[in-house]
Amino acid sequence: MLGFAELDRKARALARRLEARGLRDRAVLLLYPEGLEFISAFLGCLYARVIAVPAPLPDLDAGRFGRTRRIIEDADIALILTDTAHRGTLDAWLRAAGLRSRLHCLDTQAGKDVDPGDWSPPEFGPDTLAFLQYTSGSTSDPKGVMVSHGNLLCNGEEIKRRIEGSPDTIGVGWVPHYHDMGLVGQFLQPLYLACRYVFTSPITFIKRPVLWLELITRYRGTITVAPNFGYELALRRVTDRQLDGLDLSSLTVVKNGAEPVRAATLEALTERFGPVGFRPEMWMPCYGMAETTLLVTGAPIGVGPVIRDFDADALTKDEAVPRTGPGPARRLVSSGRPVTLDVRIVDPDTRAERPDGRVGEIWVRGGSVARGYWGGAEESAATFQAETISGNGPYLRTGDLGFRFGGELFVTGRIKDLIIVNGRNIHAHDIEEAARAAHPAALVGAAFALDGALDGTLAEGSDSGPGGGLDAGREHVVLVQEISTRAAAGTPLDELASLLKARVARAFELPAVSVVLAARGTVRRTTSGKMQRRLTRDAFLAGEITALADDLEPGVAELRRAPA
């Protein structure tokens, strides 16, 4: 437990140590496990006007060392802050990487006797840089989003007004502190509200998801936040016996964001946990990103989710038409409404604003929009300084597609994950959802397109015709589908692959679909759990994905390189 007075004392003490090293306006990397030491270190950086750079501990996963090194080089990191338990590991890695001569670790748990009494804060302004939030890299290499103190205050007020937060609010959560939802929504928002916050680590949550609900019950939590997969994990892993003694009736806000929100998840969780006090009006689907500090839109408190069925064929033509009769439908969950931010739907090619009911890129303007990407002036200008064809701006181009309908914002997918087949726009997420609904054994899937002509990957010696390699210029959809072999019991895996292929092809009228069944953990994800379709595609082509079974179109198998 850490009170505000002790947190302030620890932050001031660290600020003195950082100022003594002359680090004002320099970037410092924070590598901590989940815990109270991180938040003290983060505030110490803010107090000293040092640019904090939160990142996941690389020793939890050897593959993260490469990402950590890229952050060190990109941000010109001057110092690493960590705790006593991890300093030795990080020092050893710095020596092995040849970085020890220019970069050191500071153990913030040591030196607790530093007297912060005569410390005085430096000058700050709204544009003073507070921290770099490195994006998760779901579609590209991580980029450092420059978040200012003004951005933090603006988004803090956005969240406060949407959740109707106060000092009586009690937050409970587990989202990691290096994720924008975890850092801003869980750790910093309670400071803005001067309220209580109870948390556990994401690893502990994954091992025992019911702990999340037990903490809500024990501390009478009023708000919790998580990506959709967290709620699904609770659905799968919390047993009927574990429901005994739970009481979720104290909740008023249950935020769901950071990844696509599934209507099926909202409805199933409401039904499952209804007997222990969960009510549908607690749901607050929301939309946000690091580039906007965090929140862009959210459902008004007490309203619950807005779920609508739209004509699936019309959506492929970028038109949102409610389905009123028979025919394929796409069920979408609204991400709510903005509080004060200016949110527009814009044609990404012509930059013309689109009316309600038409799909386009989501553009955002307001005080929460960050300053840009660290060291990326050209990309910052293209992303953060966009203007509509009529000259309105500047806006942030989010890279997300969506539409407005009845005052609600519906997010349909990422521009880079759009699959174009015969002139129709199909979102990878829709294909994945259709496959998931086709059989109980289907878990997470990643859909992507292969185009022989564009990729330069036509099978060597093929004639690009039937029975040969991929048809040049024609999109071929591949679905890498994780499955539960236990749930598939009784269904031969080759038959399951063919079933998923037929369902997806029929649902979207796809002329060419290939399905690869794989074990859990095959689909590539970021450190915060977001799907990386591009990296999954690259792994497929590199022969790095082990298939439990597959049903491939002619020519697709030849595209994959033999494993090294």
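## Aromatic contacts

Phe187 is buried, at 5% relative accessibility (buried means under 20% relative accessible area, exposed over 50%, partly exposed in between, with a 1.4 Å probe and protein chains only). The model is predicted: local features need pLDDT of at least 70, side-chain atom pairs count only at pLDDT 80 or more, and totals for chains, interfaces and linings use all residues. Residues are numbered from 1 along each chain as its sequence is written, and side-chain values use heavy atoms, leaving out hydrogens and water.

There are 21 aromatic pairs in the structure. Rings of Phe, Tyr and Trp (its six-membered ring) pair if their centres lie within 6.5 Å; planes under 30 degrees apart count as stacked, over 60 as edge-to-face and the rest as tilted. Two of the pairs are tabulated here.

| Pair | Centre to centre | Angle between planes | Class |
|---|---|---|---|
| Phe187 and Tyr197 | 5.6 Å | 75 degrees | edge-to-face |
| Trp363 and Tyr395 | 6.1 Å | 45 degrees | tilted |

Phe187 belongs to helix H6 (residues 180-193) and Tyr197 to strand S8 (residues 196-199), so their pair ties together parts 10 residues apart in sequence. Helices (H or I, at least four residues) and strands (E, at least two) are DSSP runs, numbered from the N terminus.

Trp363 is buried at 0% relative accessible area, and Tyr395 is buried at 0% relative accessibility.

One aromatic cluster includes Phe187 and Tyr197, along with Tyr32, Phe38, Phe42, Phe131 and Phe199.

Elsewhere, the charged end of Lys143 sits over the ring of Tyr373, 5.2 Å from its centre (NZ of Lys or CZ of Arg within 6 Å of the ring centre and within 35 degrees of the ring normal).
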